[in-house]
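This briefing covers a predicted model.

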Amino acid sequence: MMPMTADLTPATRSIGLSLGADLCWPACYEQIVDRLKLELPIGGEAVRFAIERITVEPFDLKQPCKYDVVLDRLTHWFHTSREWIKKAVIMDGLYVLNNPWSLQSMEKHTSYCAMMRLGMPVPETWLIPPKDPTDHADAGTTLKRYARLFDLGAVGEQLGYPMFMKPYDGGAWVGVSRIDDEKKLREAYEGSGSRVMHLQKAVDPFDLFVRGIGIGPQVYIVKYDPGAALHDRYKVDFHFVDGEEWSLLTDTSLTINAFFNWEFNSCESLRKDGVFHPIDFANACPDFQVTSLHYHFPELVKNMVRWSIFCAATKRQMPINLDWKPFFEVAKKDLPYRDRLREYAKIARQRMEQDRFTEFCHTHLGHLNEVAWEFFGTQQAKGYVLAKVQALFPAHEVEMFTEHFWGLIQFWRKTEEDRLSRLRADKEPKDAEAAEVEAQAEDGEEATAVEGAKAT
Ligand SMILES: Nc1ncnc2c1ncn2[C@@H]1O[C@H](COP(=O)(O)OP(=O)(O)OP(=O)(O)O)[C@@H](O)[C@H]1O
Ligand SMILES: [Mg+2]
């Protein structure tokens, strides 16, 4: 039950959704926030929440912004919205997930360099100049004067096969190829045109591929199969990592996300000989489709509700500037890598206010688990899944895939029901929400391992 708020000043926090093709998560997010019936006693106010979808229209740079928080899904490609958001952050103090400047200026390449400096086992990576000059007027002259002839075969020899060639700023598998020998390397380079490419040593063979999806201080770890069909890449699997691995993957994601101010990001890691190698972690607009995430979708919607409500309710200040120095100070220490990673993650947790967030969820969002569980059993929720399937699949597959994804969400409800009743039994008299968030906060202890296995 919510504490009494009758004597407090009513206040409303506005959360804007900046959307493109997303259909299912915004509808579920709106419904769940509505069903939470929040009226939170915070700082002398009784705080309610209004969710609105942001429209695209001309704007005066001095026009005020009515939103407190914006969940943005367009920044990486739709510049009108990106520039409106940048204006609103600077002029009106808007809080946005994710930081648009960081997203605009940091590509895969920067993320590799930075995490290599912190000591993460990113595979060895080279950058090679483009095969064909760009169409800039001075490109030909510049390359003629200053580009040194190089032997691609020698670079390949030095790096070793197999390797991957991929754009230094890439995404969505565009221009990615696996290369097993020099002949293939030369062919791939011939076909790369004006793109600046990386050559990266393959993690091969790997025995596990995981994605760590971070939303604020919460990290959700899923087993992933890049070779499966699109709807089947996120696996429904449990106990595929042990407690220490779960803790390491969580610390890895938190470190990356805090370093770049990416509050919603996905980190891909491949395990070989017991070591997790992060290979792709500049994904600051991760997949949020029910048609990919199915079983995992409800937990991620819940994580988004928790973090966005926390940011809006507490008027958390958006971290505008990047501050890398504290991470580099830790990097200099003569410590084993796991201990340094723990220190990086400590900085990340402080920046993401994990303790305050945990307390907030305990105090104000104790009913979220139950509300989400109820909601994901309704026909309304099924209708949202259907709408997304209709948007992506041919007509003759709509019914089959709607039932498939809906079935997996109902399986989530079954496992969630079991998890909640176990938590209730284990953690009495604490409520389930507090126990869950506390378990996420405990670092490296047994409780974390148990919770991690459950959460995945
Ligand atoms: N070093 C590597 N070792 C093994 N496999 C790799 C490596 N680099 C890339 N891959 C494979 O190629 C795929 C695409 O590479 P990567 O994730 O870096 O590109 P991307 O364009 O960012 O893809 P996406 O946006 O789908 O994540 C990976 O999912 C993985 O299967
Ligand atoms: Mg990838």
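Helix H1 (residues 24-36) packs against helix H10 (residues 297-314) with an angle of about 55° and an axis separation of 10 Å. That angle makes H1 oblique to H10. The crossing of the two helices, H1 and H10, is right-handed.

**Helix packing**

- On the H1 side, the contact is made by Trp25, Cys28, Tyr29, Ile32 and Val33; on the H10 side, by Val301, Met304 and Val305.
- By class, the contact of H1 with H10 comprises eight nonpolar residues, with no polar and no charged ones.
- Helix H6 (residues 152-159) and helix H7 (residues 182-190) also pack together, at an angle of about 125° and with axes 10 Å apart.
- H6 is therefore oblique to H7.
- The crossing of H6 and H7 is right-handed.
- From H6, Leu152, Gly153 and Gly156 take part in the contact, and they meet Glu182, Leu185, Arg186 and Tyr189 of H7.
- The contact of H6 with H7 is divided into three nonpolar, two polar and two charged residues.

**Ala202 and its surroundings**

- Ala202 lies in the loop between strand E9 (197-201) and strand E10 (208-215).
- Ala202 counts as buried because it has 20 C-beta neighbours inside 10 Å, and 20 or more is the cut-off for a buried residue.
- Apart from neighbours within four places in sequence, Ala202 is in contact with Pro162, Met163, Phe164 and Arg178.
- Ala202 and Gly366 are separated by 164 residues in sequence and by 44 Å in space, C-alpha to C-alpha.

**Cis peptide bonds**

- The bond from Tyr161 to Pro162 is a cis peptide bond, with omega near -5°.
- Pro162, one of the residues in contact with Ala202, is placed in the loop between H6 and strand E7 (163-167).
- Asp204 and Pro205 are likewise joined by a cis peptide bond, with omega about -5°.
- Pro205 is in the loop between E9 and E10, where Ala202 is also found.

- His239 is not a glycine, yet its phi is positive, at about 55°.
- His239 sits in the loop between strand E11 (218-223) and helix H8 (243-260).
- His239 is exposed, because 11 other C-beta atoms lie within 10 Å and the cut-off for an exposed residue is 12 or fewer.
- Lys315, a residue other than glycine, has a positive phi near 50°.
- Lys315 is in the loop between H10 and helix H11 (325-332).
- Lys315 has 14 C-beta neighbours inside 10 Å, so it counts as partly exposed.

**The chain as a whole**

- The chain has 18 helices and 13 strands.
- A compact globule of 456 residues would have a radius of gyration near 23 Å, and the 23 Å of the chain agrees with this.
- Taken along the principal axes, the box filled by the C-alpha atoms is roughly 75 × 60 × 55 Å.
- Buried residues account for 41% of the 456 residues of the chain.
- Of the contacts between residues at least 6 apart in sequence, 74% join residues at least 24 apart.

Notes:
Residues are numbered from 1 along each chain as its sequence is written. Chains are lettered from A and ligands numbered from 1 in the order in which they are written. This is a predicted model: local features need pLDDT of at least 70, side-chain atom pairs count only at pLDDT 80 or more; totals for chains, interfaces and linings use all residues. Helices (H or I, at least four residues) and strands (E, at least two) are DSSP runs, numbered from the N terminus. The radius of gyration is taken over C-alpha atoms; the globule rule is 2.2 Å times the number of residues to the power 0.38. Two residues are in contact if their C-beta atoms, placed from the backbone, lie within 7 Å. Axes are lines fitted to C-alpha atoms, for helices over the stretch in contact, and angles run from 0 to 180 degrees between N-to-C directions. Angles under 35 degrees count as roughly parallel, over 145 as roughly antiparallel, 65 to 115 as roughly perpendicular and the rest as oblique. A crossing is left-handed if the near helix is turned anticlockwise from the far one by less than a right angle, and right-handed if clockwise. Ala, Val, Leu, Ile, Met, Phe, Trp, Tyr, Cys and Pro count as nonpolar, Asp, Glu, Lys and Arg as charged, and the others, Gly among them, as polar.
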